[in-house]
Amino acid sequence: MPALHVQHPLTLLGLVLVPVAYLLWARASRRAAGVERALTGAPGAAAQRGNTARGALRLGALALLVLALASPVAFPGGTLSPGLVPVVFVLDVSASMGADDLAPDRLTVAREAVEQVAALVPGARTALVAAAQDAVVVCPLTADRDAFLTLLRRASTDWTGTQGTRLAPALEAARDLLARDTGAGLVVLVSDGEDHGRPPEALIREMRGRGVRVHTVLV
């Protein structure tokens, strides 16, 4: 079954005003009919019905305009919706990612994992944050997939200049990228699981409250 995605859901709050506006219009129509009766002695019912009908048509057009501004998009069921949700990849580039217990090493496998996930959303804007002791925004959100992949393939364990792993600063950097964009989106964390910083659980709960979902890929 096709799914419907609304790109600007807050715009739908405008629909709350439609019934209120209709009630105000109907009230004004009744008053206009009363004035007509007082001035001409005519019943004024036909004019009231005409005004109410015109009001209903205009408010219907307003409701359609609000729906159009919300930018609903339908896509086939069982598929992702490329281009609708920005995705920030957080890539662990700490020293442990250079271990060769995976061929040729963990970081190479992690880069390949990022490419595979990014390929699932070919139209989405993507960003890349490098995580080690410090966090570095390597690529801000962009629709230029070639530029994103070029930077991704250059990922190295000496990118941040310091070793050790602290995931929370990198997740904060990803959150801030999304906050400056749509506010919501996806964060995909690719790491070997080592973390020597503060636990990120509270941060992840905060991000979830902002409409940011965090997914992990363990290498």
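What share of the contacts in the protein chain with a separation of 6 or more comes from residues 24 or more positions apart? The figure is 76%, where a contact means heavy atoms within 4.5 Å. The structure is a predicted model, so local features need pLDDT of at least 70 and side-chain atom pairs count only at pLDDT 80 or more, while totals for chains, interfaces and linings use all residues. Residues are numbered from 1 along each chain as its sequence is written, and side-chain values use heavy atoms, with hydrogens and water left out.

The protein chain holds six helices and seven strands, taken as DSSP runs numbered from the N terminus (helices are H or I, at least four residues; strands are E, at least two). Read from the N terminus on, the order is β-α-α-β-β-α-β-β-α-α-β-α-β. Of the 219 residues, 34% are buried; buried stands for under 20% relative accessible area, exposed for over 50%, and partly exposed for what lies in between (1.4 Å probe, protein chains only). The chain exposes about 12,000 Å², with carbon and sulfur atoms supplying 61% of that area. These areas come from the Shrake-Rupley method with a 1.4 Å probe, and for residues only the protein chains shown count as cover.

Now for a pair of helices. The axes of helix 5 (residues 167-179) and helix 6 (residues 201-209) come within 10 Å and cross at roughly 10°; axes here are lines fitted to C-alpha atoms, for helices over the stretch in contact, and angles run from 0 to 180 degrees between N-to-C directions. Where they meet, Ala-168, Leu-171, Glu-172 and Arg-175 come from helix 5, and Leu-203, Ile-204, Glu-206 and Met-207 from helix 6.

Charged pairs come next. Side chains of opposite charge can pair when their charged atoms come close. A search of the whole structure turns up nine salt bridges, each a side-chain nitrogen of Lys or Arg within 4 Å of a carboxyl oxygen of Asp or Glu. One of them joins Asp-192 to Arg-106, with 2.9 Å between the closest N and O atoms. Asp-192 sits in the loop between strand 6 (185-191) and helix 6, and Arg-106 in helix 3 (residues 106-119), so this bridge ties together parts 86 residues apart in sequence. Both Asp-192 and Arg-106 are buried.

Glu-172, seen above in helix 5, also has a bridge, to Arg-198, with the closest N and O atoms 2.3 Å apart. Arg-198 belongs to the loop between strand 6 and helix 6, 26 residues away from Glu-172. Glu-172 is partly exposed at 23% relative accessibility, and Arg-198 is partly exposed at 45%. A further bridge runs from Glu-206 to Arg-210, again with a closest N and O distance of 2.9 Å. Together with Arg-175 and Asp-176, these two residues are linked in a network of salt bridges.

Finally, Val-217 lies in strand 7 (residues 212-218) and is partly exposed at 26% relative accessibility. Leaving aside neighbours within four places in sequence, Val-217 is in contact with Ala-113, Val-188, Leu-189, Val-190 and Ser-191. Val-217 and Ala-113 are 104 residues apart in sequence, yet their C-alpha atoms are 7.8 Å apart in space.
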